[in-house]
Amino acid sequence: MAKGLPPGYILDAAGLFRISLIDSKALFTTNEVVNEVASENERLIVNSYIKSFRLKVLEPDKKASGLALNITGTSPRLTEADISVIALALQLGEQYDITVITDDYELQNVLALHNIKCKGIKTTGIKKIIQWTYRCTGCGRYFKKPFEICPYCGSAVKRKPRKIKDKTG
Ligand SMILES: [Zn+2]
């Protein structure tokens, strides 16, 4: 994000799974992400990184968490762990040139919208950035926030891409 800052990486669950491939002294994640690591083998590896201080588990502060919740208000498919990753990226962006390591398309999309760098482990990363909108299948009204049922006519609301721009950088 900013120039002249040391590189730092924030890992989501997919990132943790491939932590050995990432060569950096500044590796971060959150408790929510660590809790998503299901397999015992993966947990052992992650714990060894935490114990040897090669991976720092941080709680995003309230200000960053609030900002992240604002940003993700229109992305109902993001998990609590995803939101915590976004919050930590916002918070650490003042000290590090942050890259988020994630294979999650939804998360990559939100990060790209807010000019936070991300890198996929398995995927090549997204080529386009999508902003979602919500449209009633009955009356056709558009909503910025997700509704399951249209508050005007009671029909189902479907998610649609609103703005698609080519990813820069
Ligand atoms: Zn409607």
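These exercises walk through a predicted model, each with a worked solution. Residues are numbered from 1 along each chain as its sequence is written, and side-chain values use heavy atoms, without hydrogens and water. Because the model is predicted, local features need pLDDT of at least 70 and side-chain atom pairs count only at pLDDT 80 or more, while totals for chains, interfaces and linings use all residues.

**Exercise 1. The outline**

Task: State how many helices and strands the protein chain has, and how they follow one another.

Solution. Step one: count the elements. Helices (H or I, at least four residues) and strands (E, at least two) are DSSP runs, numbered from the N terminus. The protein chain has six helices and eight strands.

Step two: read along the sequence. The pattern is β-α-β-α-α-β-α-α-β-α-β-β-β-β.

Step three: look at burial. Buried means under 20% relative accessible area, exposed over 50%, partly exposed in between (1.4 Å probe, protein chains only). Of the 169 residues of the protein chain, 41% count as buried.

**Exercise 2. One face of helix H4**

Task: Sort residues of H4 into buried and exposed, then locate the buried ones.

Solution. Step one: list the buried residues. In H4 (residues 62-71), these are Ala64, Ala68 and Ile71.

Step two: look down the axis. The buried residues fall within an arc of 60 degrees, so they line one face of the helix. The arc is that of the directions from the helix axis to the C-beta atoms.

Step three: turn to the other side. Lys62, Lys63, Leu69 and Asn70 are exposed there.

Step four: name the packing partners. The buried residues of H4 pack against H5 and H6. Contact means heavy atoms within 4.5 Å.

**Exercise 3. Leu92**

Task: Describe the surroundings of Leu92.

Solution. Leu92 is in helix H5 (residues 80-92). Leu92 is buried, with a relative accessible area of 4%.

Step two: list the contacts. Leu92 touches Ile10, Phe28, Leu58 and Ile98, not counting residues up to four places away in sequence.

Step three: compare sequence and space. Leu92 and Gly8 are 84 residues apart along the chain, and their C-alpha atoms are separated by 8.3 Å.

**Exercise 4. The zinc ion**

Task: Name the donors of the zinc ion and classify their arrangement.

Solution. Step one: find the donors. Donors are N, O and S atoms within 2.8 Å of the metal (3.2 Å for Na, K and Ca); water is not among the atoms, so sites may look incomplete. Cys136, Cys139, Cys150 and Cys153 coordinate the zinc ion through SG, at 2.3 to 2.4 Å.

Step two: check the angles. They run from 98 to 120 degrees, which makes the arrangement tetrahedral. Four donors count as tetrahedral if all angles lie between 85 and 135 degrees.

Step three: read the spacing. It is C-x2-C-x10-C-x2-C.

Methods. Four donors count as tetrahedral if all angles lie between 85 and 135 degrees; four count as square planar and six as octahedral if opposite donors are over 155 degrees apart and all others between 65 and 115; anything else is irregular.
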